[in-house]
Amino acid sequence: MDLNFPAEENESLCVKEEEIIALKEHTECSTKVPEEKESAECEDREMELDKKEEATENEVKNGDFMKRASKRKSLQLAKEKIGKLNEEVYEWERPKRGPWRKRKGVENEDTCDESVEEVKTGLAEIPKRRGRKPRKESVEEEVERDKNEGAVEKTGGGRYSCRTSMEAGDESVEEVKAGLVKIPKRRGRKPRKDVVEEQVERDNNEGGIEQSGGRGRLSRKANVDKLDSAQGKEERNTCHQCKRNDKGRVVRCTKCDSKRFCVPCMTRWYPQMPEDAFVEACPVCRNNCNCKSCLQLDGPIRHLKLELEYADKVKMEHSKYMLRMLLPFLKQFHEEQLAEKEIEANIQGIPISEIKPQKSNCDSVERIYCDNCKTSIVDFHRSCPRCSYDLCITCCHELRKGRLRGGDKEVIVEYIRRDLSYLHNDSYKIAEESKNTTPIKNEPSSKEVEVVKSEWRATERGIIPCPPQLLGGCGEGILELKCIFSENWVSNLLSRARNFESLSENYEEGSCLKCDKFRKAASRKDSRDNFLYCPKAKEIQNEEMKHFQWHWSKGEPVIVSDVLETTLGLSWEPMVMWRAFRQKRKKGSEVLVDVTAINCLDWCEVDINACKFFKGYSEGRFDSYSWPQILKLKDWPPSNLFKERLPRHDAEFIRCLPFKDYTDPNCGYLNLATKLTDKSLKPDMGPKTYIAYGVSQELGRGDSVTKLHCDMSDAVNVLVHAHAVTLEPEQLVAIEKRQKKHAEQDERELRGNNKQILNGNDGKQQISENELPEFNLLNSSALVSSPEGGALWDIFRREDVPKLEEYVRKHFHEFRHIYGNPLSQVIHPIHDQTVYLTMEHKRKLKEEYGIEPWTFVQKLGDAVIIPAGCPHQVRNLKSCIKVAVDFVSPENVKECLRLTEEFRVLPQNHRAKEDKLEVKKMALHAIEQAVNCLEQISRPN
């Protein structure tokens, strides 16, 4: 064991050293004194130093400073000599005061080091210093003798240290620590701290700190589990979140014993986490830390088992259920292909068994659309060999009957560009601004195109020529029958599926008996579906799947509460998401400082700084008329970048999804969207984020709403964050005054529209003044006033869709859309997504048609599962962040196909025209996988 005492020197030697330094300073500062006076003073001081030095050496030899004899006496004497020798060796190398000075003859550090080694080995003579006696040989001889006896050794850096044996050294060390031997104090230095010695000794025993050679310093061992030294632990006070140590008190985690969090960071970034929870386990230990460093790590995601694993029994049950739901579709799909084959057999004059459609030259990553109706093509279609014009078999069937649909002309909708003064009924500026008219789209279809389309017909035998160039074809070729799958693939799949048809009919259905997990959402008379199934996330067991399927198959939405309790607790604060989005950007890509938001007042896009947007999310924004400015971000970040830019939030969202067999976008067994092959071009199913401002009052104009629409697929929507923005009394008064202005404008403009529209609508009775909507600031509904509420949902039943569409067609003139203009026409009442039904409109809807939606409030942590084909609308009662993902369930494939047919006949320029879901392809691949699973499990070993 090496024991170094470089700092403990004899007190008399310290006095001598300080006087030498004083002499040097006096010599440097007195250059202007006459030489005779300078030499005289130097000689007197040198004589005094020589006398003191001789007296000190005599005291050392006599052992006046030693308290004990024998071995301890020699040890202490050697220590004092070493200290003296070290000071003398380094005295000429680097001065203690003044600027850096080189010794004469030394050019650089290398030569200096060589000179030091020569001095130590005795090869070079130590140069004499003016005013000081040469070095005495007796001291070096005594040091050399001690070296031979094992009491002194050389260490790194040209110094000497005491080396003790097992017999003498250990005993001496213990006596030094015990205080039996008093270590002389050095003037001008603080005494050694006993606390630090004890902590260092403890760390030495634990293996956390080791002693390095050279200068008695402490160094860290390679063991990464140990922390800093004891003194470092005591002084370190840095917050892990903000990386600062000047914010006051910090709380140390007792689980990892290394991370600390300051009180401001705990309050700002973890408001739901009490201080005791930080002491028990910090966010790093809980894997939900949202600091900049941890948001970039994928370590907290690796240990999560996000992939679902299914036993053979579960796979068999799910496969039978899928086959039972999808087999009717497969039979109908096969019949349509057989009908087209028969027509092709008549055209060629050969038996149907000899018809072999040509394989289409289509890559697996490509998606083929019909050039007429824009619907995706799955297998059979007709194509022109000259210009590659493609036509789906549905359009072929309609064309032969002379009623081709799907290629309707584009509809032109013109809106007058209005400014804020019009939207708030500022009479002084309306006349000027109303002159500026800007059509949104001004590309009318030519009448010539309509004439040519009416002349495009099939022959009597069913041959379809390629359409003229005005319709996208060449007008010269004949459309030939082609296929995408291999020959007889669909027919073989149907024959294999029929082998398990009887097995799938024995599937045990669930029921809804003696269940209290419901939430009232409607007040329909003589109806049994006024309550919605609403279980808690942590209470969902395996038997709940049957219960869910019973309600889901009837087209009812399901609400699952407290889904965020099943996650790690990662923060969904908007600034946390923004910070994670910036940190995970690709190298070389620009930081998206600005975001594109939608202003709910005029439904136009605005560019705004991201920080300003999120500040308004928490504090609210107002325009120049003191009216709440409601902004919302849709699909941010872009859904195709959600997993890439926000990987930890993506994993957190997947983890909280209820009924993962349906909703998991990656490996849900009953999610048909996961059945597409890896080589297929998959649709964008999400996740998608919806960030929007919101207030609890129904403003009537500019509300934070998602207008009435209908999704092609199923969806699950989770409210992950909500923040209430409270309006001040003076703001409420200003809003109420402005609402009266809005009501006057609506009465004036909508009444004129009523006369024009109703006169052209078979002279129906006009709406009276009392039937005009009245907008009240305060909503008396108990749902809206609930402090836990985040968003107000209205979901309509599928059987009520015809009446709902009729009501919208009747009252569409009472709604405003882009630039605040009243709607001039309706293409499709629901798919246009231009209408939001206020409380007044819902009241009139029930009075006139006797229907009402399921109305409920989505609370923080609620997951709303919406079936395909159910029209719905949402109004945010607070500033909300919602994350949604789409899926396709076997029960709703029929409804998805119905919606695909509705989208197919929309005009070419409609927002919902394109078929991006390809539900037919999903269903075919799902049936194939189900059959493969049943064949594999039922096959004998």
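This is a predicted model: local features need pLDDT of at least 70, side-chain atom pairs count only at pLDDT 80 or more; totals for chains, interfaces and linings use all residues.
## A first walk through the model

Residues are numbered from 1 along each chain as its sequence is written, and side-chain values use heavy atoms, with hydrogens and water left out. Helices (H or I, at least four residues) and strands (E, at least two) are DSSP runs, numbered from the N terminus.

### Strand partners

Strands of a sheet pair through backbone hydrogen bonds, either parallel or antiparallel. Here, two strands count as paired if DSSP finds at least two bridges between them.

| Strand | Partner strand | Bridges |
|---|---|---|
| S23 (residues 789-795) | S26 (residues 872-876) | five |
| S17 (residues 594-599) | S19 (residues 631-634) | two |
| S19 | S20 (residues 688-692) | three |

Asp-794 has Gln-873 as its bridge partner in S26. Ile-598 is bridged to Lys-632 in S19, and Lys-632 in turn has Ala-692 as its partner in S20.

### Rings and charges

How many aromatic pairs does a search of the whole structure find? It finds 16, where rings of Phe, Tyr and Trp (its six-membered ring) pair if their centres lie within 6.5 Å, and planes under 30 degrees apart count as stacked, over 60 as edge-to-face and the rest as tilted. The rings of Phe-548 and Tyr-662 are edge-to-face, because their planes stand at 65°, with centres 5.3 Å apart. Phe-548 belongs to helix H21 (residues 544-552) and Tyr-662 to helix H26 (residues 660-663), so this pair ties together parts that are 114 residues apart in sequence. Both Phe-548 and Tyr-662 are buried; buried means under 20% relative accessible area, exposed over 50%, and partly exposed in between (1.4 Å probe, protein chains only). Ring pairs link Phe-548, Trp-552, Phe-659, Tyr-662 and Phe-887 into a cluster.

Charges also sit over rings, meaning that NZ of Lys or CZ of Arg is within 6 Å of the ring centre and within 35 degrees of the ring normal. Arg-524 lies over the face of Trp-854, 4.9 Å from the ring centre, and the charged end of Lys-675 is over the ring of Tyr-669, 4.1 Å from its centre.

His-742 sits in helix H27 (residues 729-759) and is buried, with a relative accessible area of 2%. Leaving aside neighbours within four places in sequence, His-742 is in contact (heavy atoms within 4.5 Å) with Leu-423, His-424, Trp-627 and Arg-701.

Lys-359, in strand S8 (residues 358-359), is partly exposed, with a relative accessible area of 47%. Its C-alpha atom is separated by 7.6 Å from that of Phe-485, 126 residues apart along the chain.
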